Amino acid sequence: MTHVDQSHAPAETSPVPDKESIKRAFFRNLFNIQGKPPALATMHDYYMALAYTVRDLMLERWVDTAERYTEQKARTVCYLSAEFLMGPHLGNNLINLGLSETVGRAMAELGLKLDDLIAEEPEPGLGNGGLGRLAACYLDSMATLDLPSLGYGIRYEFGIFEQAIVDGWQVEKTDKWLRCGNPWELPRPEWAVEVKLGGHTERRVDERGQVQVRWIPGSIVVGVPYDTPILGYRTRTANTLRLWKSEAAESFDFAQFNRGDYYRAVEQKVVSENLTKVLYPNDEPLQGKQLRLEQQYFFVSCSLQDMLRIMKTQHIPLERFHEKFAVQLNDTHPAIAVAELMRLLVDERDMGWDAAWAITRKTFAYTNHTLLPEALERWPLGLFGTLLPRVLEIIFEINDRHLDEVRVRYPGDAERVSRLSLIDEYGERHVRMAHLACVGSHAINGVAALHTELLKQDVLGDFHSLWPEKFNNKTNGVTPRRWLMLANPRLARLISEAIGDDWLKDMSHMRNLEAYLDDAGFASRWHEIKRANKHAFAVFLRQHTGVGVDPESLFDVQVKRIHEYKRQHLNILHVVDLYRRLKADPRFDPPPRTFIFAGKAAPAYHIAKLIIKLINSVGAVINRDRTLKDRLRVVFLPNFNVGSGQRIYPAADLSEQISTAGKEASGTGNMKFAMNGALTIGTLDGANIEIREEVGAENFFLFGHTTAEVEAMKRGGYRPMAYCQADPALKEVLDLIGNGFFSRGDRDLFRPLIDNLLYSDPYLLLADFKSYVDCQARVDAAFADPARWTRMSILNSARSGKFSSDRSIAEYAQDIWRVAPVMAPGR
C-alpha cells in the first residue's frame, strides 16, 4: 500500500455550511456536473445539483469514518440482505446533516422549493416491502448508534416493478430508477471480484496427503461494488451500503466481431449483466429459479470476498475472521453464505475443515422473517449442483457431519434425522436454505415475541430442541427520523416543543407526552395537525387516482404487500357490508369513512391480483353512488413505495393490521402508523401483540381468533361454509360479489375468490368476519367522540418508543453481534 503524507490534509471538521456556501456549491454542481446554466436547467437538473451538493457535504464524514474504522481495526457488522428499500435519500440526508432549514432557505432565495426538489428524486425500488425497508431502517440506526457496519446487497438495474392500475387490474411496468443516474453512489471498480458459476470440480492429493478440490467454472462473472454513504443522526458517523453489479470478465470478443458474428461478440456481456438486471425474477419457470439462485450466490460471494480483502488491508490474521466480522443473514436469501465462507476458507485459503467450521459458526447469525413454510427457500438439487457444483459438495459435507451429531443426540430417531437434514429427500430432492442457516449460525432470532415462540414450537422446532441456546427474539423497529421527523414534520415540531428533541435519538422520551393528555390546548393542536395531514393527503389522492375524498371522514388505511394471509379481502368484505347496510337502512348512520388501500401483488400471484381487482371494482360502484352522499369512499393508491408511505402514515386515523393470527412474523407498517398517532384494529398477530401491550388494550381495537384457536379449528376440520350459512349478513355480502353486482353482471370474474373462501378459506376470513364487523362498530363509536379519539391517538404515539429501530439494533449489538460503538474524537 502506498502511504501519502497527510500533514497538509484539510482539517478534520469543516465549519457548518451556511446559505451562501450552499448556493455556491449548488451552482458549481449545476455547471460542472449537469453542464447546464439556469436558463436551460430542468427541475431534475436542479435536484441533481442539490443532491451532489449534499453528497459532497457527506463525503468528509464518510472518509473520516472509514479511516477511523481502519485505524482501530474495528469489529464490524456486515448486514447481508437481498433487499434494501432505502427510499429517497435527499430529505433524509438533510435531516441527518441538520441542514433541512438552511438548505430550504437557500433554495427559496433562488426561487426554488425544497419540497419540489425532494419530489424529483426517483425512488430506488430495491426491495419488495417490509424486509427491505427493515434493512434500511437498521442501517440508519447502526450509523446513528456509531456501530461499524456495512450493508451488502445487489444493485438491481430494475427494481420492484412500477405498479399501474388499468381497468382495476394491476399492470407491471419497468422500474427504471437509474435512467438519469444516481448521485448518491460511488463505483469502486478497484475492489471488483470474480464469481464462479457452473462447470465441475477436480480432486488431487497434495504433498501432505491432503485432498485438494479445485472448482473449474463454466463461466465467471465480475462483481463491481457501488457504495452509498449512510449517515447517522447527530453524529459524525457515515457507514456504507455496498451493492454489487454484475459485469462480464471480458465484455467484448474481438475475434467473434471480426468474423462478423456481432451478437456473439457481446454475448458474454449481455448474459453476465442479466444477473443483476431485475429484483426477484419470476421463479416459476426453471430459468427464473436459476437466475434467482445465481443472484443470491453472486452477492454473497462478492461480499465475503470483500470482507477477506478488508482483513488483508487491515493486516488481520485469517483465523480472526469471526472476531473482525459479525455477519447477519437477513432471512434465507443470503443463507448460502455459510457454505461459501467454508469454500473460501478451505479451498481458497487452505484452512482445515474443523478450524474453518468453527470460524463460520461464530461469524453468522440468522434472522427468520416468516412463519409460512412455503416461504422458506428450497432449491432443487439438480439445479443447485449444475450451477454451484463445489458449493453443493460442501453442503453435503456440512450435512453429513451435522447429521452424525444428530444421530448421537437422538439415537434411533430416523424421522428427526430426516427433518433436520439440509436435504429434503421427499419427492424431488431440495436444499433447505433455512436449515443451512440454522446449522451454520451461532444465533437464530425471530422478529416479534409471538413469532419467535412459534419458530421454537413449530417452524424450527427441531432446531430449538437441538440448540435452544441459539434462539432469541429481536422485535423489529423503524427509524423515527424518516417515519416521524421527515414524514410528519408538523407533528415532530409539536412533540419537540412539548418534550424537547431528545426523542429523535431515544424514543423512550416519547412517554413524556403523557403529561399533556389533559392539556386541551395540546390536544387541539394534535387534532389540527392530523386534520392538516389528511387535507394534504386528500389532494395527493386526487392527483394520483382522480378520486375525491372528504378529509373530515375517518381515514381507514391498509397499505402493505397484497397477500391472502394479510387479508385485504376481509377489509373489502366489511366495505361491502357497510355499503349494503347504508343502502338498506336509512337510520344507519356511522361516521363517514374513506377506505384507502395500497400495495403490490407478486406478478404471478393470481388471487392477490384478483383481490386488487375486487377492491377497485367495489370502489368504482361505491364512489359513483350519489345516494351515499360521500359517506363511504374506496381508493386504491397505485405503486405504493417509501415516498407515498411518508404521506400515508401521518394522514391515517385507523391502521388495518388484520392478518390471520400466527401468520405475520412482525410487521413494521403497524409501528409507523402507531408512531404517527393512528389507532390500530388488528388480531393478536406479529408485533400487534406488543403494540397492544405498550399502548394499552383500551387504545387498541382487537378482534379475531388467536393463534391457538386457529390451529384448533384447522385440526378439528374447519368448515367455512358453516359460517356463511350461520351469518345472513356475510352470506349477502358474498352473494353480492358472486352474483356480479360489482362486476357488471359477470358472475365468473370473482368466482375463484368466492369459491376459495367458501370451500377452503385457508386464512379464516369467514370465521373472523363477524368479530371484525363488530369491532369496526367500536371504531365508529370511538371516532364519533373526537376528544376520546385524540387522547387515544396521543397515547399510541407516546407509547411507541419500543418500536424504534435504535432499540432493536442496540439489542442485536449487545446480545448477538458483541459490537461496540466507535465514535469520532470529541463526541
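In the predicted model, Phe 384 touches Leu 293, Ile 336, Trp 379, Pro 389, Val 391, Leu 392, Ile 395, Val 431 and Met 433, leaving aside residues up to four places away in sequence. Phe 384 belongs to the largest nonpolar core, a set of 116 residues. Along with Leu 80, Leu 388, Ile 398 and Trp 817, Phe 384 is listed among the residues with the most contacts inside this core. Helix α9, which spans residues 286-313, gives the most to the core, with 11 residues. A second, separate core of 66 residues was also found; Phe 595, Leu 614, Tyr 772 and Val 773 are among its members. In soluble globular proteins, nonpolar side chains tend to be buried together.

The protein chain as a whole was then described. The chain contains 33 helices and 23 strands. Of its 827 residues, 60% count as buried. Among contacts with a separation of 6 or more, 76% are made by residues 24 or more positions apart.

The overall dimensions were also computed. A compact globule of 827 residues would have a radius of gyration near 28 Å, and the protein chain agrees with this because its own value is 28 Å. Along the principal axes, the C-alpha atoms fill a box of roughly 90 × 75 × 60 Å.

Terms used
Residues are numbered from 1 along each chain as its sequence is written. This is a predicted model: local features need pLDDT of at least 70, side-chain atom pairs count only at pLDDT 80 or more; totals for chains, interfaces and linings use all residues. Side-chain values use heavy atoms; hydrogens and water are left out. Helices (H or I, at least four residues) and strands (E, at least two) are DSSP runs, numbered from the N terminus. The radius of gyration is taken over C-alpha atoms; the globule rule is 2.2 Å times the number of residues to the power 0.38. Buried means under 20% relative accessible area, exposed over 50%, partly exposed in between (1.4 Å probe, protein chains only). Contact means heavy atoms within 4.5 Å. A nonpolar core is a set of buried Ala, Val, Leu, Ile, Met, Phe, Trp, Tyr and Cys residues joined through side-chain atoms within 4.5 Å.
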